[in-house]
Amino acid sequence: MEPEQQENPSPNAAEIIQSLSRSAHFAKEMVYKIKSGSTSVSGPELFDTVKQLDKVIKEIGEALKGMPESPFENNDCLQVTDEAFSKRKRVHLQPTPSLLQSGQESLPSKNVEENVEGDFHGETTSENLGAANSKGHNYNTSRLIEYARNMSFGDQEKNRNSRIPSQSLPRIAEYMDPLYETFFCPLTKKIMEDPVTIESGQTYERRAIEEWFSKCDEKGEGVTCPSIGTKITNTSLSTNLALKTTIEQWQERNEATRIKLAHAALSLGSSEGMIIEALKEIQGILQKRKHKKEIHKLKMIPLLAQLVEHKDVTVKCEALGTLRLLAKEDEEKELIAQTNAIPLAVRLMSSPGEQLAAVSLLLELSTNSLSLCEKIGSRPGAILLLITIKYNTTDSMVAEKANMTLNNLVKCPKNIKIMAENGLLEPLLSNLIEGPEDIQVDMASYLGKVVLSNESKLHVTKRAATSLMRMACSDNLLGRRHALIALGQISSYHPSSKPLIEAGIAPMLIEQLFNTEACKDGMELKEFSSAVLVNILESRPNFETLQLNAQGRNMVSDYVIFNIIHMIKSSSPKLIKNLVRILLCLSESPKAMTSILAAAKGPDTMHMLIELINYSEEDLTIATAKLLILLSAHVGHTLADKLCKTYGQPGNLIKTIDTNEITELASVTANFLAKLPSNNLAFNISLAQRDTLPIALHMLHKIQVGAIRTSRFMGSYLEGLVGILVRFTFTLYDSEILSLAKSHNLSLVLTELLMRPGNDEVQRLAAVGLENLSTETITLSQIPPTLIKKKSNKGILTMFNKPKTTKPETKLCPIHKGVCSSTTTFCLMDSRALETLLACLDHQNVDVVKASLSAISTLLDHRVDVHMGVFVLSKIGAAQQILNVLKEHKDMSVWQKSFWLIEKFMTNGQSLHCILNDKVLPVALVTAFHHGDITTRHLAERVLRLLNKIPNDQAV
């Protein structure tokens, strides 16, 4: 079997490329020498340089003429390359006249550009083809042309119009290995893919000869050999392995050549059109064979990765598609991963034009490669973009590929965590519920670290609560730890508590809390268990129905309360904090509060709780202070006394409220100091001796002038500060405290606070403070000694005495009948607090109204001039405002105070007109007479008698 001969074989493509490279390098050196100007260039030197450049340009032109016009799909490729090269390389080399001195050889005035164009551009005309045929290889060339003509890329139907142009075919054929006649099937006239030999010894394409045999059978004339016509008795086919191998080797060699030519086009920085055609050529070859050696030898993969950054969208997509075909082999996958292809593909996923190509490449890379799955998943934004594409894109194909890629990435456990962080929880939950033990532990660990939305927490609870609880009770210490941490996270969303309680989490947590061994790991497990229990209890379930065992124990049983308090004495600060928070929650149950108080009265328990506020851990101090505030309503005096006897207290608490930033700790501390019994003189003196009053006033001033940064704890902190001020008004009988109240003009401070709207509790406290100050006015207001009339004997000599100069008359308070001032006696009349208190009667908060009525009532106390007090109040319209209170509020305690004041007005004959004509008053009186407590009924009865609604001789 002899190959058909070709005369004057063309040079190898690699040799042409090498020649072009040498010429280009030489030309660069020449141009650099002229442009650098480092040395002067004489006329002859310039002439030689121009001649050398002219020769280089001609060599490049000849080399390009010898290149195949295109082994690709577009018949304009060579023309585009020529034009691009011509545009880049055109130079005018005609020297200026100043360089051509006498005695120097003249240069041709013709522009070298013309020579370049003349040498560079060559067309494949019919004359060229005729000349080639005359060289004696027209038959082989025509066969090669036919083979090249039938080459297409990928799908034949899709690319049937993309075959290589006829003008380029002769030059492509020049670079192909010689053809053998036996390569062609006698029936199809095409190169065989599956050659088989029949009984006659002839070789055909399997599909073609099978069709021939079928036609012969249909005609019923017997089977014959299509080439020589002999009868065939045995239609069995035998594969011609030798010929098949030879054809495959021939095809591989020629496809390798095509790869080299395509690589050359990509390397030369060709136009977009040529790059696209070259990429399609490579894709077409890769779909049939791999050609690893050629790909690796030419370093094609880094070049393709560079093209992914090309400005043209089509080039990017074709480069990604070529890399995807290469990624079907494991070795190529690793080479692709060494380039920047993965980061680029991740970036291009956000671009609609390149999205499909980018996702397809990542899908191929992630298939059957754990290392690449990890590398893709670790790329910032990769998994987030894939999830976004999966759920938000309208292109079903892209969405499906994104989903398949995510399914591949799940093989790497680290990716599951990233998916969960980006909202895709199903892979994590599936592995947590159904995976092997070690994977379940890993998933629980991830679940404890991932930041979940509230909706996700509830979803995880419903899906995986049982699995987590089972793991928390297992013998795997690490699994128990991770499961409890995960339960702590999902239980932090209160709606998740209900399904957890239904799953039986409360008995499990109590078991973990009370019965876990007391070792380092055991203490940590108790901390995690207590944290989950705090979350469950803060969701406010029904504590008494929260059963712990079949014997009837529940969360408010003495067993739970006393065990918790016992554990506080010997636990870590973190666990103590959680235990205190548990007690805080349970204290809302009256039964639990009774047990807590009983336990708190035990030996050293109260002292232990007070000591906890000295801890440096802020959260523990806050929780303890909150619990002590609740206890202060029941054992407040005991707390105050023990606090005064505790080392560093209450000084440390006072330092906490003196701050430049309003924190929760400062707020809770201020309220704790305010909530302790206000009439505890020893505690108040202790506070006064530590400058608590000046500190509180200073902080109030900073808040008023905006000198302190606000926070969400501002309101509570302000209430605590005002509460501290007011507590001093309960012990004004102490000279030291009285002196402090006078020196700091406490009456004026409280009046200003009463005028500040926005915080009802602050206004209520201010009214209470003014009531206490006004009550003390009765004692403090006295007639000066100089105004006491003394008896004197008047004689004759007195008329001869010179008259003395009269001093200004001292003004006395009409109600208190003494000298009053807002500073020294805290009189409401002098401080103008009365008008503010009357305005507060219109307040919507019943507690503010009640406190204001109580403060106003001090002006009608039996120890003052009641008649003058009623007169003053009547003049400023107090009666009508009190009647309005009866309309707006139905609280019996408010009615009681209102009835008392109305009785004072009527018995002193003031404001009778508005009282007698009010239509609401009788109704309120009758209602209180029938439904009020004993005191309210008596007051209602007395006013009804004054209104003649009840006979004077009728008893209640």
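Q: Which residues touch the most other members of the largest nonpolar core?
A: Of its 182 residues, Leu487, Met555, Leu586, Leu631 and Phe899 do. A nonpolar core here is a set of buried Ala, Val, Leu, Ile, Met, Phe, Trp, Tyr and Cys residues joined through side-chain atoms within 4.5 Å. Buried means under 20% relative accessible area, exposed over 50%, and partly exposed in between (1.4 Å probe, protein chains only).

Q: What is Leu631 in contact with?
A: Leaving aside neighbours within four places in sequence, Leu631 contacts Met593, Ile596, Leu597, Leu609, Gly636 and Leu639. Contact means heavy atoms within 4.5 Å.

Q: What other core lies apart from that one?
A: Another core, of 58 residues, lies apart from it, with Ala262, Ala278, Leu303 and Ile376 among them.

Q: Before I go on, what kind of model is this?
A: It is a predicted model: local features need pLDDT of at least 70, side-chain atom pairs count only at pLDDT 80 or more, and totals for chains, interfaces and linings use all residues. Residues are numbered from 1 along each chain as its sequence is written, and side-chain values use heavy atoms, with hydrogens and water left out.

Q: OK, helix α28. How many of its residues are buried?
A: 11 of the 14 are buried, so α28 is largely enclosed by the rest of the structure. The buried ones include Lys577 and Asn578 as well as Leu575 and Leu586. Helices are DSSP runs (H or I, at least four residues), numbered from the N terminus.

Q: What span should it have, and what does it have?
A: Helix α28 covers residues 573-586 and should span 20 Å at 1.5 Å a residue; its end C-alpha atoms are 20 Å apart, which agrees. The expected span is 1.5 Å times one less than the number of residues.

Q: Now Leu525. Where is it, and is it buried or exposed?
A: Leu525 is in helix α26 (residues 520-538). Its relative accessibility is 1%, so Leu525 counts as buried. Not counting residues up to four places away in sequence, Leu525 touches Leu477, Arg480, Arg481, Leu484 and Thr516.

Q: What separates the C-alpha atoms of Leu525 and Leu575?
A: 9.8 Å, with the two residues 50 apart along the chain.

Q: And Gln763, buried or exposed?
A: Gln763 counts as buried because its relative accessibility is 5%. Gln763 sits in helix α39 (residues 760-780). Among the residues Gln763 touches are Arg756, Pro757, Cys840 and His843.

Note on methods
Helix = DSSP H or I, 4+ residues; strand = E, 2+ residues; numbered from the N terminus.
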